[in-house]
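Subject: Structure for your review

Dear colleague,

Please find the structure below, handed over for your study. My notes on what was found in it follow.

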Amino acid sequence: MSRILRPLYLIYEYLIAGPIFVIATLIAALITGIGCSIGDRDYWGYWPAHIWAKFTCVIFLMKVEVTGRENLDKKQSYVFVANHQGAYDIWSIYGYLNHNFKWLMKKSLEKVFAVGAACKKGGHVFVDDSSVAGIKETIAEAEQTLKHGMSVVIFPEGSRSWDGKMIPFKRGAFMLAGEFKLPVVPITIDGSFNAMPRSTYNMTPTKIKLTIHKPIFPGERGFNTKALMAQCRESINSALPPDCQD
């Protein structure tokens with residue numbers, strides 16, 4: 001973005017798109033909460049947020065390009081694992097994956113005003129890894145979610161990257177996949193770091209690319225967790241530009 005356009009975009013971001021985003025977020029959270037209370041939680045826990053996420057990308061002038069949707073079966077449950085470059089990972093996946101799912105998210109996000117309550121109503125799973133009991137409770141909650149043919153999305157890094165490159169994966173996502181013998185789908189996110197790095201709230205309009213890789217199916221004995229982690233990391237890494245690769 002040129003030096004002339006940059007200040008104009010920041011004015012637009014904070015004075016126009018930002019306030020619209022806040023209002024849209026509150027409306028989406030309200031609709032989700034009410035819908036999940038009186039209707040199908042799997043429907044209302046996904047569609048309002050799906051529309052909200054697409055709307056967010058549009059108003060902040062982000063373009064999202066997706067490849068690999070043909071690798072998915074809409075009737076199949078998956079464990080999606082994606083690299084975590086920035087905040088736009090959430091809006092890109094929610095808005096453009098086009099596959100109903102629940103998030104496995106940090107327990108701390110439950111406290112976010114309006115959004116945390118809406119996510120809880122929508123059946124998303126909050127991960128408590130502070131104790132063995134908390135981990136067992138998370139697995140039990142995830143099991144109930146997946147029983148109904150639902151998929152889950154996890155960022156195995158656990159937090160956003162500081163430089164666009166992947167940080168080490170945590171085992172939780174892969175242990176969950178092994179526990180329920182579900183196919184694992186690696187997703188590469190490229191461009192989200194440039195859109196809004198972890199270090200700032202200032203955004204830059206850019207193209208974000210989602211690459212949906214082929215599912216990795218468990219064998220007769222399930223998964224080897226270490227091998228699965230390595231295979232997913234290799235798949236995700238393969239679709240990143242050289243400056244973001246391991």
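A residue is called buried when its relative accessible area is under 20%, exposed when that area is over 50%, and partly exposed in between. Leucine 61 has a relative accessibility of 47%, so this residue counts as partly exposed. Please keep in mind throughout that the model is predicted.

**Backbone angles**

Leucine 61 also deserves attention for its backbone. Most residues other than glycine have a negative phi. The phi of leucine 61, however, is positive, near 65°. This leucine is placed in the loop between helix H3 (47–59) and strand E1. Asparagine 98 likewise is not a glycine and has a positive phi, of about 60°. Asparagine 98 belongs to the loop between helix H4 (88–96) and strand E3, and its relative accessibility of 34% makes it partly exposed.

**Salt bridges**

The count of salt bridges comes to four. I describe some of them here.

Lysine 207 is bridged to glutamate 65, with 3.3 Å between the closest N and O atoms. This pair links distant parts of the chain: lysine 207 is in strand E7 (residues 207–212) and glutamate 65 is in strand E1 (residues 63–67), 142 residues apart. Lysine 207 is partly exposed at 36% relative accessibility, and glutamate 65 is partly exposed at 30%.

Lysine 120 forms a salt bridge with glutamate 110, and their closest N and O atoms are 3.1 Å apart. Because lysine 120 lies in helix H5 (residues 115–121) and glutamate 110 in the loop between strand E3 (101–106) and H5, the pair ties together parts that are ten residues apart in sequence. Lysine 120 has a relative accessibility of 47% and counts as partly exposed; glutamate 110, at 23%, also counts as partly exposed.

Arginine 233 forms a salt bridge with aspartate 246, where the closest N and O atoms are 2.9 Å apart. Arginine 233 sits in helix H9 (residues 225–238), while aspartate 246 is in the segment after H9, 13 residues apart. Aspartate 246 has a relative accessibility of 57%, so it counts as exposed.

**Aromatic rings**

Arginine 233 has a further contact: it lies over the face of phenylalanine 169, at 4.8 Å from the ring centre. Is phenylalanine 169 buried or exposed? Its relative accessibility is 11%, which means that phenylalanine 169 counts as buried.

Across the whole structure, a search finds 17 aromatic pairs. One of them joins tyrosine 46 and tryptophan 47: the ring centres are 5.1 Å apart and the planes are at 80°, so this pair is edge-to-face. Tyrosine 46 is buried, with a relative accessible area of 3%, whereas tryptophan 47 is partly exposed at 37%. How are the rings of phenylalanine 169 and phenylalanine 174 arranged, stacked or edge-to-face? Their centres are 5.9 Å apart and their planes are at 20°, so the pair is stacked. Phenylalanine 174 is buried, at 1% relative accessibility.

Tyrosine 46 and tryptophan 47 also belong to one aromatic cluster, together with Tyr43, Trp44, Tyr94, Phe101, Trp103 and Phe155.

**Cysteines**

How many disulfides does a search of the whole structure find? The search finds zero. A disulfide requires two cysteine sulfur atoms within 2.5 Å. For cysteine 36, the nearest cysteine sulfur is that of cysteine 119, which is 9.8 Å away. For cysteine 57, the nearest is again that of cysteine 119, at 16 Å. Cysteine 36 is buried, with a relative accessibility of 11%, and cysteine 57 is buried at 0%.

**A nonpolar patch on the surface**

Finally, Ile4, Leu5, Leu8, Ile11, Tyr14, Leu15, Ile16, Ile20, Phe55 and Tyr201 form a nonpolar patch on the surface, with about 1100 Å² of accessible area together. Which helix gives the most to the nonpolar patch? Helix H1 (residues 5–38) does, with seven residues. Isoleucine 11, a member of the patch, is found in helix H1. Isoleucine 11 is partly exposed, with a relative accessible area of 47%.

With kind regards

Note on methods. Residues numbered from 1 in each chain as written. Predicted model: local features only at pLDDT ≥ 70, side-chain atom pairs only at ≥ 80, totals over all residues. Heavy atoms only, no water. Patch = residues over 30% accessible without salt bridge, like charges linked within 9 Å, V, L, I, M, F, W, Y side chains within 5 Å. Areas by Shrake-Rupley, 256 points an atom, 1.4 Å probe, with all protein chains shown as cover. Salt bridge = Lys/Arg side-chain N within 4 Å of Asp/Glu carboxyl O. Helix = DSSP H or I, 4+ residues; strand = E, 2+ residues; numbered from the N terminus. Buried < 20%, exposed > 50% of the residue type's maximum accessible area, 1.4 Å probe, protein only. Phe/Tyr/Trp six-rings, centres within 6.5 Å; stacked < 30°, edge-to-face > 60°. Lys NZ or Arg CZ within 6 Å of the ring centre and 35° of its normal.
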